[in-house]
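Let's take a look at how two chains sit against each other. Here is the model, followed by a short tour of the contact between them.

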Protein chains: 2
Amino acid sequence: MIPLTDACAAQAKPNVACSHCNLRELCLPVGIPDDELQRLDGMVATRRSVRRGHTLFRHGDPFEAVYAVRTGFFKTRITPEDGRDQVTGFQMAGELLGLDGIGNDHHACDAVALEDSQVCVIPYSQLTQLSREFPGLQRQFHKIMSREIVRDHGVMLLLGSMRAEERLAVFLLNLSQRLKARGFSPSSLVLRMTREEIGTYLGLKLETVSRCFSKFQEDGVLAVRQRQIDVLDPEALQRLVNNAHG
Amino acid sequence: MIPLTDACAAQAKPNVACSHCNLRELCLPVGIPDDELQRLDGMVATRRSVRRGHTLFRHGDPFEAVYAVRTGFFKTRITPEDGRDQVTGFQMAGELLGLDGIGNDHHACDAVALEDSQVCVIPYSQLTQLSREFPGLQRQFHKIMSREIVRDHGVMLLLGSMRAEERLAVFLLNLSQRLKARGFSPSSLVLRMTREEIGTYLGLKLETVSRCFSKFQEDGVLAVRQRQIDVLDPEALQRLVNNAHG
DNA sequence: CGTCTTATTGAAGTGTCTCAAAACGGGTGG
DNA sequence: CCACCCGTTTTGAGACACTTCAATAAGACG
């Protein structure tokens, strides 16, 4: 095996070390044994802070690294010339950003911080190099890309065949489940995005999103106070998704 | 470097060798130099034929390989329990199928042949093994997955913000461009799928798809004879996509 | 040649959008 | 601390694109 001089050197900066990161069970190092993990600490070159409203990268930027969200919250969006705007996803702690850039060496979307955030910068050259040495890392990276594809197909189903209320229900259940996986309450959520951003993600106008929230509140499914959402009846949300009129 | 006894042995079956395949410039081996390519011939374990209407794999099948379309035409679809059905893509020669399965070791969608087809079976274990030895292959594989993500985001834009005619225009232009890349006429296409399958892909009902075809014919943009489509005015199609009322 | 799938076309229905106005809340400066 | 401003959210009424339902036509296939 190749001596990992670079990785060993990186251990001198424990603050960017995957092996000491409390997100490692949600992030790229999933499934990599502890002893190997220490030799992976050189993977993260540095951290980078992005203030609310600022971009981590933009459409057209040369692709050099992928990013793992450490703290904060992002949206990704594509913005064709004609003024349209599609939010393609929301990313929270442990999730990867920038995979879209690998395909042709330039980023294909914008990544915008919805609150002050911090990311781990993982240079793609490092990632490929280390993937060759650590099959577990290679595997996990492939899994993350594959799951992104599967997730996107789920969104296509949502956009292609669901009505407004079902879309919002799916969105809220997904958010709830991801918060739960991070140790937060699945029933009390604070939305980081505006109604318009939700709408642009779900293929709806902001007024429609707002109306759906109101409807859910009338029906006793949610308590809505601005961006503070309490899920009162998660089963009702789930039923809404399952009992759709195919 | 590890001696590639397996790959060398595979050269005994030239019929499944990437190095002799006329699709190699469109498929996984893109960008791999000729001398390396010969040592990659062990990547394809075998070929497999799939008759029209039959599935290459189904949702839930254990994931073992990805597939490169050699001849024929496929659709992929996800089928939730509730009877809904979303076509997530159409695949033609040189394109990869099965990437959805990497994420959790089982396929997440069905792949259905729309005509009698043949695929190259690329065992995932081979692919990962060879990726470690051939950085060019690793890179190309990443690119293919990344482009699939970018493509899906484009479909999300389509489903989230375009009207019926724009969706069909995007669909036809995409098909046209892919046919052109394979040496076929970009203006004379024979659709392999029904109006319903197009509709399920584009988030429209089959009647709407049919009406759009009729409209395009009235406007002199297309000549439509069943599944034989002639693009009379490609610029008009392009304008329809660009001049959308964002 | 008959049957079944696929495609076309029409008329009525409905979900979402558009346009518009008002309420709310967070931040800033007086 | 209050007044003000501006972005966000809510709510209503009317318009419109697409769907639904239904009937017919055209091909494909045995």
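Between chain B and chain A there are 26 residue pairs in polar contact, both residues at pLDDT 80 or more. A polar contact here is a pair of N or O atoms within 3.5 Å; within protein, one must be able to donate a hydrogen and the other to accept it, and residues adjacent in sequence count only if both atoms are side-chain atoms.

Elements are DSSP runs, with helices (H or I) of at least four residues and strands (E) of at least two, numbered from the N terminus. Those of chain B that give two or more residues to this side are listed below.

| Element of chain B | Residues |
|---|---|
| β5 | 86-91 |
| α3 | 124-133 |
| α4 | 135-161 |
| α8 | 234-242 |

This is a predicted model, where local features need pLDDT of at least 70 and side-chain atom pairs pLDDT 80 or more, while totals for chains, interfaces and linings use all residues. Residues are numbered from 1 along each chain as its sequence is written, chains are lettered from A and ligands numbered from 1 in the order in which they are written, and side-chain values use heavy atoms, leaving out hydrogens and water.

The count of salt bridges between the two chains is six, each a side-chain nitrogen of Lys or Arg within 4 Å of a carboxyl oxygen of Asp or Glu. One of them joins A:Arg84 to B:Glu166 at 2.8 Å, N to O.

Chain B and chain A each put 49 residues into the contact (heavy atoms within 4.5 Å).
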